[in-house]
Amino acid sequence: MRTKLVRRVLCLALSAAAAAVSGCAGGGGATKAAARGETSGTYSFWPAFPAEPRVQFLRTFRGSVDMEDAKGGMLEAIVFGAETERQALINKPYGVAMRNGRVYVCDIRGDAVVVLDVAKKQTRLIGTGGSQRLSQPVGVAVADDGELYVADNARGVVVVYDEKERYTRVVGVQGMKPASLALHGARLYVADMTAQVIRVFDRKSGADLGQIGSVGDGDGQFRLPLGVATDPQGNVYVSDMMRCRVQKFSPEGVFLAGVGAVGDQPGCFVRPKHIAVDREGVVYVVDAAFQNVQMFDSELRLLMYFGAAGPFNGALDLPAGICVAEGDLSAFEGLAHPGFEPRRLVLVTNQFGPNKVQVYAFGAVRSGYTAADLAKSAATIATGIGTTEETKEMNRTGQIAEPVPETVGDEPRSGTTVSPK
């Protein structure tokens with residue numbers, strides 16, 4: 001059964017996506033709280049007024065050089081440990097995860113996982129030294145017991161670290177080329193670019209438990225599964241970059257639902273990348289061509305989208321990775337508009353531009369405020385999708401040559417097609 005929250009978001013966002021917002025928007029009329037809506041500065045919100053905003057941009061992370069904590073103070077320490085003395089810059093981020101005040105960023109050019117420990121105000125690197133150094137980390141996830149799992153696309157394994165970020169083991173099978181990973185209970189799910197399936201492992205023993213999907217163009221099949229995520233019930237969601245489609249499977253691997261096709265309308269994709277699911281069952285899908293994040297309910301019905309390319313706070317520039325953090329809101333206290341109530345964090349990585357990790361809050365208008373109150377401080381942001389070079393070409397020719405990189409990193413913004421290995 002869908003929650004009241006999801007029903008409300010669906011009502012608001014579908015209207016915004018169709019550019020025909022109706023009575024789903026917040027109540028009108030002057031209120032005593034209107035004066036509290038007068039703030040200094042501007043805030044980036046989605047969807048745009050007159051709909052009630054449900055997503056607000058909070059801040060960006062770039063690396064240790066210009067890193068400030070969420071409350072404006074400089075980080076107190078940069079901790080590299082015994083394995084490295086390199087400066088903790090984020091060069092080209094891909095996968096991202098957050099748990100217990102720590103942001104884990106896969107740097108595919110730095111060949112490391114950058115840890116932004118917001119809680120301790122420290123920055124450190126994982127996987128930069130020794131025989132088990134990382135080669136091209138592209139996906140990361142943190143288990144409930146604190147174990148850290150990193151998908152290394154070049155080495156073809158998942159590297160596991162303990163709760164103190166010390167190397168313990170690798171998980172994988174011969175010839176695997178992981179593009180992302182997800183955890184649920186004792187299971188580890190890996191999107192394998194070589195076999196074009198989702199591999200399932202016992203995350204502790206590393207035992208191969210089988211696979212989800214097969215190669216093909218039907219329901220339950222993939223051409224290039226790139227993103228994988230799980231919901232609280234153990235259902236598995238997969239984004240397929242070649243088919244421009246997202247599919248949902250039961251914990252047993254049975255196909256349940258699918259959405260998407262190549263297109264420049266909301267609900268379609270051109271280059272879907274990583275995927276995340278929050279505890280309410282809302283599904284978040286990054287599209288590197290649209291340079292936004294589309295949101296769907298648990299039945300894969302479109303809710304809304306946020307982000308776009310442009311010169312405004314919260315803009316995206318060839319985004320790839322995404323995660324949802326339940327909790328950890330205290331680390332970003334004071335960054336939300338006083339009339340906006342954050343409920344969870346959504347982090348998205350940019351492969352280009354200076355703003356490497358964008359932090360957004362999903363929430364709702366606070367009681368006593370209206371959408372109009374928040375609109376007084378709203379930034380002017382790009383709207384719509386289908387504005388990139390990829391979608392311009394698709395609009396002109398009716399088709400697009402989708403790039404299929406041999407690895408998930410350093411791919412072109414548009415252009416050539418290469419054969420996957």
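Mentor: P50 is found in the loop between β1 and β2, where strands are DSSP runs of E of at least two residues, helices are runs of H or I of at least four, and both are numbered from the N terminus. The model is predicted, so local features need pLDDT of at least 70 and side-chain atom pairs count only at pLDDT 80 or more, while totals for chains, interfaces and linings use all residues. Residues are numbered from 1 along each chain as its sequence is written, and side-chain values use heavy atoms, with hydrogens and water left out.

The peptide bond that leads from F49 into P50 is cis, and its omega is near 20°. P47 belongs to the loop between β1 and β2 as well, and a cis peptide bond with omega of about -10° joins P47 to W46. Most peptide bonds are trans.

β1 covers residues 45-46 and pairs with β2 in the antiparallel sense over two bridges; two strands pair if DSSP finds at least two bridges between them. Strands of a sheet pair through backbone hydrogen bonds, either parallel or antiparallel.

On its other pairing, β2 meets β28 (residues 357-365), again in the antiparallel sense, and here there are six bridges. F57 stands opposite Y360 of β28 in this pairing. β2 itself runs over residues 55-61 and is mostly covered, with seven of its seven residues buried. Buried means under 20% relative accessible area, exposed means over 50%, and partly exposed lies in between, with a 1.4 Å probe and protein chains only.

How does this part sit within the chain? The secondary structure comes to three helices and 28 strands, and buried residues make up 57% of the 421 residues. Among contacts between residues at least 6 apart in sequence, 55% join residues at least 24 apart, contact meaning heavy atoms within 4.5 Å. The accessible surface is about 16,200 Å², and carbon and sulfur atoms account for 49% of that area. Such areas come from the Shrake-Rupley method with a 1.4 Å probe, and for residues only the protein chains shown count as cover.

Between β12 and β13 (residues 187-192) the antiparallel pairing has six bridges, and Y189 of β13 is the bridge partner of A182.

Q196 lies in the loop that leads from β13 to β14 (197-202). Its relative accessibility is 16%, so Q196 counts as buried. Setting aside neighbours within four places in sequence, Q196 is in contact with S214, V215, F222, R223, L224 and P225.

Most residues other than glycine have a negative phi. K121, however, has a positive phi near 60°. K121 lies in the loop between β6 (112-117) and β7 (122-126) and is partly exposed, with a relative accessible area of 28%. D328 is likewise not a glycine, and its phi is positive at about 60°; its loop is the one between β26 (319-325) and β27 (340-350).

T380 is in the loop between α2 (371-375) and α3 (389-397). With a relative accessible area of 76%, T380 is exposed. The C-alpha atoms of T380 and P311 are 9.5 Å apart, and 69 residues separate the two along the chain.

Finally, the cysteines. A disulfide is a covalent bond between the sulfur atoms of two cysteines. Counted as pairs of cysteine sulfur atoms within 2.5 Å, the disulfides number zero. For C244 the closest cysteine sulfur is that of C268, at 8.8 Å, which is too far for a bond. C244 is buried, with 1% relative accessible area, and C323 is buried at 7%.
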